[in-house]
Structures are given as C-alpha cells and as structure tokens.
Amino acid sequence: MLTAILLTFLAGGLAPWAARRAGASAGWLFAVVPLALSVYFASMLPRVSGGITQVTPWVPSLGVDLAFRLDGLSLTFALMISVVGVAVVSYAGGYMKDDPLKPRFLLILLSFMAAMLGVVLADDLIALFVFWELTSLTSYFLIGYKHEKDESRYGALQGLIITGSGGLAMLAGFLLLGNEVGTFRISEIVAQGDAIRASGVYLPAFVLIALGAFTKSAQFPFHVWLPNAMAAPTPVSAFLHSATMVKAGVYLLARMQPALGSTDVWFWTLTLVGSATLLATAGLSLVQRDLKKLLAYSTLIALGALVVLLGVGGTVASEAMIVFMLAHALYKAPLFMVAGSVDHEAGTRDVTALRGLGSVMPVTWTVAILAGISASGLPPMLGFIGKELAYEALLPALLPLVALIAASVAMIGIVGQVVVRPFWGRRVEAPVERPHEAPASMWLGPLVLALGGVTFGVLPMLLEPLAVPAASAVYGAPLDFYLKLWHGVNLPLLLSILTVALGLVVAFAWSRFQPALEAAFGGVRAGPAGVYDAFIKGIPKVSAATARRVQSDNLRDHLVIILGFAVGLVGLTAFLRGGILIPADALVMPSGTPYEWVVLILAAGGALATVRAHSRLEAITALGVVGFAIALVFTFFAAPDLAITQFLVETLIVILVALVLMRLPDGLLRERTGAVHRLLSGGIATVSGLLLAGLLIAVTAQPMDLRLTEFFNAASYPDALGKNVVNVILVDFRAFDTLGEIAVLVVAATGVYALLRRVRKQPPAADQGAPGGPEGGP
Amino acid sequence: MTSLILRTATRLLLAVLLLFSVFLLLRGHDLPGGGFIGGLVAASALALYALAFGSSAAAALLPVGPRPLMGVGLSAAALAGLLAALAGRPFLTGLWFVQDFGGYTLKLSTPLLFDVGVYLVVVGVVLTMVFGLEDD
Amino acid sequence: METAVAITVGIVFGSGVYLVLQRNLMRFIFGLILMSGAVNVSLFVAGRLTRGAPPLVPGGASVPPEGVANALPQALILTAIVIGFGLVAFALVLLLRTYERLGTVMTDELTERLDDPKPVPGFGDDDALRSDGAS
C-alpha cells in the first residue's frame, strides 16, 4: 500500500516531464496510473474482510508509524478514488487540451490522488493527519489553478483556511485521543471504544475531531467554501469536490464511529449538523443558475445525508451510508463532467442561456440522463437503492428524515436544471456559434461511471463483496446483508413517491421562482459566508491596530511593553505561587561592618542620584559612585579579581561617558515626560526592584548547591596547575566561553569603529585636503 | 586635558603601568590578575596617554594598530585551543611545558597563551573605542 | 548581609529600569550601566557572600582551604563586567552618531528626524561640512 501511494506520488512527479512529451494524449497516458490502482485494489477484494495491515516505521521516537490498513471501508474509498480517478484524468486530458499548464495540473492532481489514498489507507492518526493536510493543500492549488482570477484565489484561500483550521482542531483531537489510549494506531484505538467513551477526554476529542470532519466535508456552517471551490477546473470539481476529498470528513467519522460513536453527543451532533446542512443547502440551491454551483449544492446535500446516516448509526444506516456514497460517486462525478463538457463546448454554465443541446451533444446528454436518474433516486439505479435504504434507516428519526426528504426534493429540482433544461428542446441556444459533441476523452469516462450506476442498480449483488465489509467496518462488527432493487411496497417507497411528486413540481416551477429568489438572496453575503468575510477582513484590521499600538517607532514604548510584561509575568507567577518566600531570619539585622554599610548606602544613593541628575557632571559623578561602590562590595567579599576589573572598567566607562558627553550640549539631559508616563515607568521600576531584591533574599535563604564550585576548587591546582581558581575557570575549564566572550568584545569594538569611521572618512572639502587628515589630531 | 602635570605624570606612569599590566597578566594564574585585568590596566594606561597627548601619539607607541591587535589576540586564543587539538586532545585542553632551571621554574602553557590572547583583545578593544572617540 | 546587599541591588536595578524607560537616550544609557552593575552584584549575592577568603590555593597546598569564596560566580561576573563595558561603549557611540546625524536624543523624535535630518553643524558630518564650506 505504501508502494502504491509512493508510486502515485512518483507518477505525479514525472507528470510535468511526461505530459510535455505526450502532448495531447497525456490524459490517456496518465489515466493508466489510477487504472492500475483500480486493478490493484480490486484484486484485494477477496482478502479484505479481515483487514490487511502494513507497517513501516516513520518517527519511531514518537511512536509514529507509516501504518496502513486495508479493510472494507478503506477499500471502498480507495476504489472510489482510483476508479473515479481514471475517468477524471482521462477527461482532464481532453478538457485541458490547450492549456499550457496542463503538466502542472496533472502533477497536482496525481499528488492529490496519492494523498487521498493515504488518508483512507492510513492506520496511524498522525500519518492520516499529514495526508489529510496534503489533500487540503493540493485542493488549494487546484481551486486556485486559474490564479489570475479573483474568485479562484478567494475560493482557494477560503477552502484552505476552513479545512486547514479544521485539520488543526482534528490534530489536537488526535493527540488527546492517542495520549489517552497510548497509541496512534487507528485499528487499536477503535478496538477500545468503551474505554474512550468512559474517559474524560471523550468530549473534547470528539468535538475537535468532528470539527475536522465537518470542515472537510463542508457541513453547515462550514459549507461556504465548497460552492466557491467551483472556481477550480471541472475535473477537479468532479474529483476532489464531489467524489473524494470532501468525503474525507465522512470517512473520518465512519472510521471513528466504533471509537467515538453510539453516544448521545454523537447522535445529536451529527444528526443536527447533518440536518442543518441538508435544509440549508437545499434552500440555497434554489437560488443558483450556474451548472457547477447547482451541482456543488447537490454535493452538499449528499454530504449532509451521509453525516446524518452516520449520526443515526446502526445496521441499516451503515449499509445505507456505504451504498448512498457509492451511488453518489457514480452519478455526481459524471454530472460534473457533463457540466464541464457543456461549458467547454457551449461556452457557458448559465442554465438560463442554454437550450436544446441534446440534439448536438447526444452522448453527453445520455450520460447526463443516466446519472440524473440515479441522482433523483429513481429506479433502476443505484441511487434508488441508496435513497430507499437511507429513508429506511432514518424512519425512527423524524427531523433528519424530513430534512432528507426536503433535500431529495431539491435534488430532483437540481437534476431538472442540470440534466433537462440545457438539453431539452429543438432550437439550440448557446453563446457559441455551433456547439458540438465533446471528444471521446470527455464522455467515455463519465459514461462508464454512469453505466456503473445502472449496472449496480439492476444487479446490486455485484456490489455486495465491497459493500458488506465496508458497512461492517462502519458498524464496527461483522454485518451480513443483501442488496435488492425492489423491496416491495413499504413506507420508504411511499416516501420516495412523495419525494418524486414534490420534486417534479419544484423542477417545473424552478424557472419561474429562481429569478425572484436570486434577486432576493443572490447578493446577500449574510450568514456563515458573511462571518467568514468579516473574519478575514477583521484579521488585518486587528493586527494593524495592534501594530499601531505596540509597534510604535518609539524605543521607549517598546521597552515599556517588554519590561512591563517581564515584570508583570514574573510578579504574577510569584503571586500565583503564593508569594516569594522570605524566611524571618533573613530579615534580622545583618551583622555588617560599618564600612560595608557605608558602601551599600553609597551604591543605593548613587543610583538614585543618577535618576535625579540634571547636569552631565552630576550624572557622571553619581554613576562613578555606584560603580566604585560595587567594586568595593567585590573587595569586601573576597573577590579581588572582580574588584580590580570593576575599578578599571568603571574608570574606562567614566572616561568614555565623559568623552561622549563633552560633545553633547548640557541641556540634553533634561527629560520632558508626562505625569502618566512617569507614573508608569516609576511603577515598573519599583516592582522590578522589589522583585529582584525579594527573589535574591529568597534564593540566598535556600541551601546552596556547591558541587560545581567544589569540583573547580579541587581540580584547579592538581589538574590545571593554577592557584587562582577564578582565572583557571576563565582560561582553562571554561575557556571556550571566554573565547566566545572576547569574540563578542571584538565585534562590539568593530561596531564602534565602523560607526565612528563614517564620520572620519567623510572626504573633507577640496580646499581642506591636507594629508593625514583623519589622524591629524585635535 | 593637556595640563603640564597630567603630561608629566602620564609619561612616568605609562611605563610603570604597562609593566604592571604584564606582571598582572603573568601572575594571573596563581594570584589575582590575568588577561582581562592586565589588558584593562594596559589599556587604561594608553588611554591616559591618549588623553594627555592625543590618540595619534598614543597609537604611535604601539607596534601595530589597536584593531590588528584584536585580531592577533583572538588568533592567539584560538591557537591555544588548536594546539591541544593538534596534540590529539579536545579543543582548548591545557598543555603544559614545565622546566626547572636550578631554582627557577619556567612554566609555559596553552592557558597562558590563551590569557595573552585575552590581554591583547582587551587592549585592542578598549583602545579602538577610546582612540575612535578621542579622535577628531 | 546577603539581605542588605539584595536590597541595595533592588534599588540600583529599579533606578536603572526607571532610566531605561525615559525618552532621553542619554538617560537610557545611564540606566543600562546601572542595570548591568546591579545584575552583576545579584549574581554575586546568589553565589553567597564570604569575607576575606578569596578563592586562591595557598603556597604549598593543592586545594584552597575550607570556606573560601565561591569562585564560579566570580568567573561568570568577570566576563560579564567586560562584556557590559563593550555594550555600554557601543551604545555610547551609537548615541553620539545619532545625535550628530539627527540632532536629537529623544526617542520619540528620532523617526520624524529620519525623514528630515537636522545634522548638528561642526560635527564633521558630510552635510555639515559642505554647508560650512559654503558659508
């Protein structure tokens, strides 16, 4: 299985090169890839009931494997992907015949195919996530394929943002789940459903994973991205956005049902979200007149139905879900390709501008009719069986049943718009002069798929070897059932008759009320779409406002924020941990000698005097006092090396400050600051001083770990032949640090030199060009 | 800054301070001192000289400019590490050469070479800054 | 004695923070100097204070006597002092150049001056030199 996926990726990588060689027949050439996959997966059919597992270690340190598992459910999806893939790739060869970017298109399409296979075959949650995001990414590239168009870029970004955010939520859910169960292996997780349902992570994990599934499968209110994804070339819409990728969410829910399903939360969430999707998209579809948008809404209806069926659960619902999904793949992909052919040959997808194409595009129309009957849920098609089963499964649940009936009515209306209206009539109407039949590459694939819908409808037992293990995997236990076209007169059949009657009314009335509805609602971007737009527009606004506030050009503002946060967070942590622990004996009057006290008072006083200084002489003096007081502290407490260094550095700093200050006017030290800012910086300064002092007192009251010091003391002379331990640490034990530090010094000095040199190297005016200028002395 | 007293005192102090800095450098391994301190003393002495006589005069006292001095110092410190590496030991391991000359012990070592490097870097860094500011 | 030194460190550090938050870059550098001094001493205190026993090995012995001062923080602080010096020197020169170029040391005026520099005459800046020569 890994080999199959890798080979598909490889084929994608070869696509640009091979497609250029193959020219017009590239579509046929590359259809061999999904064809081979179809044969491979079909050959697995007899062996699939027990499940086949393949494991390749991937990130062993994290327990992440490239584990693959083929059972009924994944085989159903894999076959769907590869069989529809054959039709789509060959169709794309004709559809994109004159497109110079076809090689790139094939590359992404095949990569998608590989990633999608990865999603449905993965037996590891992390691997599934990676493939999942790969499908989102390839979908982004494919929707944005006509990147010069605004609507393509908008649709691509919207799809990526919505499915990508959902994918992140899903990853979080996976991590919770994997952490709880102790493995990321899906087959092991689903075996522990009872333990998971009883654990505390069940609810968050379910919500997060469901978010991933709902965004990917475009459930209300995340459905907004799917109609906008129709900006993609039609083969993409047929493949990703109806037959395969959007079903990944359904796949995930089906896969997780044994682990997360059969709870009230599961039931209500899925049935409510699915019903909302059914009703909302059924209503919204009435506004459309673009062939592909109409089909997109019909896809949303199908996805809603699948989610509802998963929510209800049980034996019949599991069967219904699998059959319904297969039927959908077999009719929806051809319908999309029909819409693409019409667009391609007749020049528009606007149903109001098309008439009578049936006489010039007979084969295409035949495909459309075959698929359309299945889509309407009429016998003798697979779609009929699927819908009957769905009705039967939903009989106990009133709301989903009503929603599904309403949606099926709308579906018949959509079929009327897509399959009947553009083709009906004698007079040919189309924007192009002479519309004609599409080439064989563009009808052969869809025709085969649509015929599949007929074959499996008439001979449903042919589907059983696939559907039975698939439904068993969804249900979580082995099922045994037979598929039949004719169930006798029962409640589902009566409901179907009702549906068809209402559907015909809608289909006929459509042309009358569609313009009014479009006028009323067509331009409205309220609801979820409006929320998305507001969100996307809001982000730059919020970030711009934030940037204006925190990223001013003023160094002082930055420092206030940085230091304020540092002090605030340290203070908050100290507060939350119950304050800084200062033992009572630390506050006993320390036994300092008088000159130690004098030095400490000098240091503190010098620091405060620096703050108050108004002239540069005052400031330099005060700073010097602090520096020398620190040197004396080092002297008193047995640090001669530090004391000498501090004395010398302090001297040099005073010299440098003096050299710089002498060049600046004295008035520069004046500070004109508002009272608010003085208060703010005073507050930050006070708190930071208190925190540092408090932390130091608390730290010094704790016992000291001297192991490192003891090592250096013991090793200094015997090992390093040095009696000054400080120096030995600097030049021997920790010499590497010292090397880094002197390198930093060199960098600092080079920076100083570079800054000053710009002044000195300015060429003096011509009349002053005396030799030796810069070094000429004062 | 060009008073007679400063100039006279500086001229006397310079030699003493430079000598003292070398003394601090060399004794640093056993007693307070070392490359940082010695370098700072030497740099202070030369900075004082630059204040009194101008930086070009101070620069003239040095065989090389302050910036080459930094390079030489950094190279010496790195060489001290590389010598150990050449001897098959980890980088910067101390190597010692101890020889007794009838009561006088000569101790040469890579840590000493390293400290000399530190000394030169500190002198070069401080003088680059002071000369740069004191100039023009 | 650690407590007393810690309180002193707090005062010096707080003064430094206050100065760093001012709009005058000169005072900013003073704050930087105070802060780096305070941090050095705080490291020193955290290593505990010992009177009169520097970490040296006496002649003839091979290890320092019991109770000498903690050598490790001293080694850390020694380089920190010198690095702090490099930082302050760099900041000082940067300040000088900023003033020469833009004619101000106030943080809030720097950006507007970047678009409309007001070089201080007589500082050897090329613009200044040229205007001097012309006058």
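**Reading a three-chain predicted model**

Colleague: How many of the 32 residues of α3(C) are buried?

Modeller: In this predicted model, 23 of the 32 residues of α3(C) are buried, so the helix is mostly covered. Burial here is a count of neighbours: a residue qualifies when 20 or more other C-beta atoms lie within 10 Å of its own.

Colleague: What span does α3(C) reach from its first C-alpha to its last, and what is expected?

Modeller: The general idea is that an α-helix has 3.6 residues a turn, so residues three or four places apart point the same way. In this case, α3(C) reaches 46 Å, close to the 46 Å expected at 1.5 Å a residue. After the helix comes C:Gly103, with a positive phi near 75°.

Colleague: Which helix of chain C gives the most to the side that touches chain A?

Modeller: Start with the whole contact, which takes 83 residues from chain C and 91 residues from chain A. On the chain C side, α1 (2–20), α2 (25–46), α3 (71–102), α4 (107–115) and α5 (126–134) each supply at least two residues. The most come from α3(C), with 24 residues. By class, that side of chain C has 52 nonpolar, 20 polar and 11 charged residues.

Colleague: How many residues of chain C are in contact with chain B?

Modeller: Eight residues of chain C are in contact with eight residues of chain B. The chain C side of that contact has six nonpolar, two polar and no charged residues.

Colleague: In which sense do β1 and β2 of chain A pair?

Modeller: Strand β1 (residues 52–59) and β2(A) pair in the antiparallel sense over seven bridges. Six of the seven residues of β2(A) (residues 64–70) are buried, so the strand is largely enclosed by the rest of the structure.

Colleague: Where in chain A does A:Pro221 lie?

Modeller: A:Pro221 lies in the loop between α9 and α10 (225–228). The peptide bond to it from A:Phe220 is cis, with omega near 0°. Another cis bond joins A:Pro379 and A:Pro380, with omega about 5°; A:Pro380 is in the loop between α16 (362–376) and α17 (382–394).

Colleague: Where in chain A does pLDDT stay under 50?

Modeller: The general idea is that where pLDDT is low, the predicted coordinates should not be read in detail. In this case, the stretch is residues 760–778 of chain A, for which the model has 20 contacts beyond four places in sequence. Chain A as a whole averages a pLDDT of 87, and 95% of the residues score at least 70.

Conventions: Residues are numbered from 1 along each chain as its sequence is written. Chains are lettered from A and ligands numbered from 1 in the order in which they are written. This is a predicted model: local features need pLDDT of at least 70, side-chain atom pairs count only at pLDDT 80 or more; totals for chains, interfaces and linings use all residues. Two residues are in contact if their C-beta atoms, placed from the backbone, lie within 7 Å. Helices (H or I, at least four residues) and strands (E, at least two) are DSSP runs, numbered from the N terminus. Ala, Val, Leu, Ile, Met, Phe, Trp, Tyr, Cys and Pro count as nonpolar, Asp, Glu, Lys and Arg as charged, and the others, Gly among them, as polar. The expected span of a helix is 1.5 Å times one less than its number of residues. A residue is buried if 20 or more other C-beta atoms lie within 10 Å of its own, exposed if 12 or fewer, and partly exposed in between; C-beta atoms are placed from the backbone. Two strands pair if DSSP finds at least two bridges between them. pLDDT is the predictor's confidence in each residue, from 0 to 100.
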